[in-house]
Amino acid sequence: MSGGSVMPLLLALGLAPLLLGVIIRTKAVMAGRVGQPLLQPYHDLRKLMMKGAVYSRTTSWVFRAGPVVGLAAVVVAAALVPFGAPALVSFPGDLLLFVYLLALARFFTVIAALDTGSSFEGMGASREVTFSALAEPALLLGLATIARTTGSLSLSAMLPHVTGAVWAHGAPPLALVAIALLVVFLAENGRIPVDDPATHLELTMIHEVMMLDHGGPDLAFILYGAALKLWLFGALLIGLALPLHSGHLWLDAGARALGMLLLAVLTGLVESCMARLRLVAVPKLLVGAGVLSVLALLLVLRSSP
Amino acid sequence: MSGWADTVLICIVLTSFVLLGSSRLGACIRVVALQGVLLGFLTLAGRQDASSLRAPILALVSTGLKGVVFPWLLFRALRDADVRREVEPFVGYSLSLLIGTAFLAGSLWLAGRLPLPNPTMSPLVVPVALFTMLVGLFLIVSRRKALTQVLGYLVLENAIYAFGVGLVEGTPMVVELGVLLDLFVAVFVMGIAVFHINREFDHIDADQLRTLRDWAG
Amino acid sequence: MIPSLLLIPAAAGVLAYFVRRAGPRRALLVLAAVAHAGMTVATWVVEPAPAWGGWLALDALGRLFLTITSALFLAAALYGVAYLREEGHGERKDVDEGFLFDNAPEATFTACLLLFLAAMTLVTVSQGFGLLWVAVEATTLASAPLIYFHRHHRSLEATWKYLLICSVGIALALLGNFFLAVAASDHGGTSVRLVLPDLIAGAGGLRIVWLKAAFLLFLVGYGTKMGLAPLHTWLPDAHSEAPSVVSALLSGALLNCALLGIVRVQQVCAAAGQAAFGQGLLVGFGLLSMAVAAVFILGQADYKRMLAYSSVEHMGILTLGIGLGGAGTFGGMLHAVNHSFTKAMMFLVAGNILTRYRSKSTDEVRGVLRVVPASGILWTIGLFAITGSPPFGPFLSEFTILKAALDQGRAGVAITYLILLAVIFVGMATAILGMAQGVPRDARMAARAREPLLRVVPAAALAAVVLLLGVYIPPVVRTALEDAARALG
């Protein structure tokens with residue numbers, strides 16, 4: 001339990017909605033529109049917090065607890081991820097805690113959705129859970145590969161140690177893990193090609209459908225939690241892909257923040273240029289990502305017996 | 001040189017996985033062509049004698065054959081056959097990918113048990129060749145269309161060629177050229193056979209070729 | 001001399017493709033066959049010099065197999081002329097299902113036949129393993145269009161299975177080639193050439209693990225081509241759907257060529273002191289092939305398919321012989337010779353029966369002795385020859401193998417062998433004797449049919465050879481077989 005800096009957590013909490021704004025703005029620009037202001041997500045969150053909430057009579061405490069627990073879990077997970085500086089909380093094995101905190105958040109979102117008793121939520125919940133189940137091996141095995149390469153099981157020790165020398169020494173496995181993590185990033189956050197975040201058709205919704213019945217502060221919690229999740233996965237990916245360690249806190253954090261913005265722009269570009277995959281093709285994509293992670297792990301295991 | 005060879009070998013592994021998961025015949029043909037081109041690179045990466053022309057000539061011939069001629073022959077057969085350009089497997093795509101992963105783990109383990117002589121190129125050659133061989137055999141067995149069986153056979157030959165390139169330096173060029181010639185004629189004849197199968201049966205499903213049989217039913 | 005052995009059929013093949021008229025083309029076929037046979041006889045008199053730096057050379061075993069191939073091809077060419085004259089062109093009605101089908105262009109057929117001969121010759125003269133591989137694959141590719149002579153769906157199915165299964169098997173043999181190269185490579189980087197004499201000379205320095213792995217791959221790979229169970233699934237289809245001329249060559253000559261591949265690597269293993277490793281495997285595969293053949297021969301409805309399974313059986317017998325070692329190897333090699341001639345004769349006679357009766361069914365064909373007497377006599381003689389009755393050749397070879405098994409004290413093997421032979425005898429005798437005797441079912445067929453000379457004489461000549469071999473083995477043949485047996489341990 002080594003104490004780190006509080007900066008990664010603060011950056012995450014503060015800048016996460018900006019990421020969403022950048023993605024939406026990129027999509028608008030690609031579509032030829034001006035688009036909403038970059039800081040619009042903050043305004044949306046503020047607006048939602050000021051509203052009241054209406055709860056259906058068919059729901060129970062689960063429905064009310066879902067968004068809250070979900071947000072809490074993601075905030076705690078944010079304390080585990082390094083970003084230019086070691087994370088606030090770090091210990092060996094914290095990568096597992098990270099993955100399972102996110103799983104907890106997802107679980108509560110899903111059961112809150114099921115609690116409403118509506119069939120649309122049920123459909124979305126089953127899809128969401130299936131895709132997450134398939135994406136989890138890719139994520140865990142990819143993290144395991146990085147752990148094996150850097151020789152430690154703590155996120156704060158792993159990611160800063162992925163330096164340029166490590167990349168030069170064993171580029172292929174790390175490249176494969178980066179691709180796998182990119183696919184996981186797109187899948188877990190409900191981005192195209194896995195899910196369309198801007199769809200209005202209930203039959204095509206996966207993530208959106210679980211937010212359908214929430215309103216007011218609950219919806220704000222869910223949206224903010226989603227933005228934080230986006231930031232966290234992006235931080236993992238940038239931590240792997242950007243082997244810059246100058247030692248200066250602000251320089252590292254600044255470089256990474258720039259990387260995150262680039263990632264957001266890239267996501268926006270991908271969303272503008274690709275269509276969503278057919279639902280039956282998504283498992284193939286996720287299994288493919290899992291296979292890439294497995295391949296990377298096998299390569300790393302082989303070269304360091 | 002080992003770094004280059006490693007990257008090429010990992011790309012070959014990736015192409016094999018793409019073949020396992022791809023559902024479009026046209027994409028499969030292109031991926032097998034890409035595999036052949038990658039093997040050409042491997043030939044270049046593995047040559048011992050930098051001054052002899054043997055390796056570049058072989059690389060050129062094999063790349064030309066596998067990257068250009070074979071896809072052309074197969075696409076022609078595909079176009080003449082005019083069937084649905086979907087692979088139609090017996091074993092689903094996700095399951096194929098998982099089985100491919102098992103093959104990969106198995107070949108890495110098996111290659112660790114084989115005592116290699118002087119490793120000429122890279123320690124990854126034997127496992128990658130074994131894995132690609134298993135993928136080729138799997139494709140022949142688990143895919144319905146005759147054209148995919150031809151592709152599986154090509155992948156098998158690619159794997160064995162990779163073995164040859166990785167382990168053996170002394171084969172005379174004539175023999176290697178003879179092997180390539182055989183391969184060319186084989187693909188040519190198989191392409192013609194596929195065309196005839198389609199003309200005869202109106203499809204190219206090899207599993208429908210079940211008339212000649214001694215077990216009833 | 002060796003290059004001309006290869007070039008004559010190859011050039012004739014290419015030429016035949018372009019000759020427009022049927023008469024000259026058939027004459028070309030026969031001429032090439034005669035020239036090839038003549039040169040083969042010459043090699044018995046004058047030892048041909050190795051060509052191409054030692055890659056092509058004719059050792060005793062190769063010469064023996066070359067002679068078999070050449071003789072069979074001559075018989076097939078003569079028979080083929082008559083066959084093509086009667087059946088070569090026009091639309092015809094299928095015998096089993098009654099639909100109309102066409103035949104392949106005769107030019108393609110003739111050209112492929114000659115190229116097939118060239119490829120088989122290359123197999124017999126190759127001393128280098130790489131070249132041997134190229135040649136075996138070339139035989140597969142040259143013979144596939146021959147199987148697809150009758151253009152209908154069954155023969156297409158047979159051709160596809162043949163092409164795919166044999167190519168995959170031969171690809172595994174290529175891997176065996178590479179393993180053999182690894183076995184032969186030295187620590188210092190200089191490797192032994194993959195040429196048979198060099199390998200045998202340097203056998204002491206081979207890496208044993210890789211040599212054994214190479215043998216396994218060769219056995220599986222070339223065994224597929226040879227028709228060893230359980231890799232034989234293409235054989236019944238291909239040998240029954242092809243025209244009889246082609247079946248005769250496939251069963252008689254091609255299976256031997258595949259055997260040659262296995263024998264060559266066993267020679268290397270024996271020189272390296274690893275003969276015993278392969279022998280157990282060979283015995284196992286041999287008995288399995290015999291058993292599978294026995295199961296499918298009983299009650300087989302199609303007589304050409306029955307002959308095909310009999311080929312599987314005999315390949316099993318000869319593999320068993322080689323696997324037993326010593327006198328058994330002599331018996332196995334002698335059996336290769338005997339089986340080739342016998343099976344080729346049976347297929348040619350089966351072709352006559354098929355032409356006359358228009359049926360492939362063992363139940364429907366009756367009274368062959370009455371309708372086509374010459375063929376009927378040959379058919380009955382063939383039955384006794386192929387099932388190993390004295391005084392024919394196969395009896396001698398099968399008995400030698402049995403004796404070898406008993407001498408080695410392998411009673412189980414010997415008993416299984418005898419039981420399976422008996423079962424196959426019963427199965428084939430019921431079918432063939434049933435076909436030969438009696439009266440034809442269709443009364444219109446009862447009249448004695450005209451039997452062209454060219455369709456009977458080749459088969460009769462082959463039968464005469466089989467009889468001769470049963471009574472007296474020429475010394476040159478005996479020496480060649482003994483040399484081969486010794487080389488195999």
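## Domains of chain C

Domain bounds are taken here from an automatic or database domain assignment, and on that basis chain C is divided into domain 1 (1-272) and domain 2 (274-489). The structure is a predicted model, in which local features need pLDDT of at least 70 and side-chain atom pairs count only at pLDDT 80 or more, while totals for chains, interfaces and linings use all residues. Residues are numbered from 1 along each chain as its sequence is written, and chains are lettered from A and ligands numbered from 1 in the order in which they are written.

The centres of domain 1 of chain C and domain 2 of chain C, taken over C-alpha atoms, are separated by 21 Å. Two residues are in contact if their C-beta atoms, placed from the backbone, lie within 7 Å, and the contact between these domains takes 48 residues from domain 1 of chain C and 46 residues from domain 2 of chain C. Helices (H or I, at least four residues) and strands (E, at least two) are DSSP runs, numbered from the N terminus; helix H3 (60-87), helix H8 (208-226), helix H9 (234-241) and helix H10 (244-271) of chain C each supply at least two residues of the side of domain 1 of chain C that touches domain 2 of chain C. H10(C) gives the most to that side, with 15 residues. By class, the side of domain 1 of chain C that touches domain 2 of chain C divides into 31 nonpolar, twelve polar and five charged residues, where Ala, Val, Leu, Ile, Met, Phe, Trp, Tyr, Cys and Pro count as nonpolar, Asp, Glu, Lys and Arg as charged, and the others, Gly among them, as polar.

## Overall form of chain C

Chain C has 19 helices and three strands. Its radius of gyration, taken over C-alpha atoms, is 22 Å, close to the 23 Å that the globule rule gives for 489 residues, so chain C is as compact as a globular protein of that length; the rule is 2.2 Å times the number of residues to the power 0.38. Along the principal axes, the C-alpha atoms of chain C fill a box of roughly 75 × 55 × 40 Å.

A residue is buried if 20 or more other C-beta atoms, placed from the backbone, lie within 10 Å of its own, exposed if 12 or fewer, and partly exposed in between; of the 489 residues of chain C, 62% count as buried. Among the contacts in chain C with a separation of 6 or more, 80% are accounted for by residues 24 or more positions apart.

## The nonpolar core

A nonpolar core is a set of buried Ala, Val, Leu, Ile, Met, Phe, Trp, Tyr and Cys residues joined through C-beta atoms within 7 Å. In the largest such core, of 365 residues, A:Val184, A:Leu286, C:Leu249 and C:Met345 touch the most other members. Helix H6 (residues 153-184) of chain C contributes the largest share of this core, 22 residues, and the core draws at least three residues from each of domain 1 (1-272) and domain 2 (274-489) of chain C. Not counting residues up to four places away in sequence, C:Met345 touches C:Leu378, C:Gly382, C:Ala459, C:Leu462, C:Ala463 and C:Val466.

## Two positions in chain C

C:Tyr148 is placed in the loop between helix H5 (129-147) and strand S3 (150-151) of chain C, and C:Tyr148 is buried because 29 other C-beta atoms lie within 10 Å. Leaving aside neighbours within four places in sequence, C:Tyr148 is in contact with C:Ala104, C:Ser155, C:Leu156 and C:Thr159. The C-alpha atoms of C:Tyr148 and C:Thr329, 181 residues apart along the chain, are separated by 36 Å.

C:Val14, in contrast, is found in helix H1 (residues 2-18) of chain C and counts as partly exposed, with 13 C-beta neighbours inside 10 Å. The C-alpha atoms of C:Val14 and C:Cys112, 98 residues apart along the chain, are separated by 8.7 Å.

## Chains A and B

Of the two pairs of chains in contact, chains B and C share the most contacts, whereas chain A and chain C do not touch, their nearest C-alpha atoms being 23 Å apart. The secondary structure of chain B comes to seven helices and zero strands, and buried residues make up 52% of its 217 residues. Residues 24 or more positions apart account for 76% of the contacts in chain B with a separation of 6 or more.

In chain A, the 22 residues of helix H4 (residues 94-115) should span 32 Å at 1.5 Å a residue, and the end C-alpha atoms of this helix are 31 Å apart, which agrees; the expected span is 1.5 Å times one less than the number of residues. Just after H4(A), A:Gly117 takes a positive phi of about 80 degrees.
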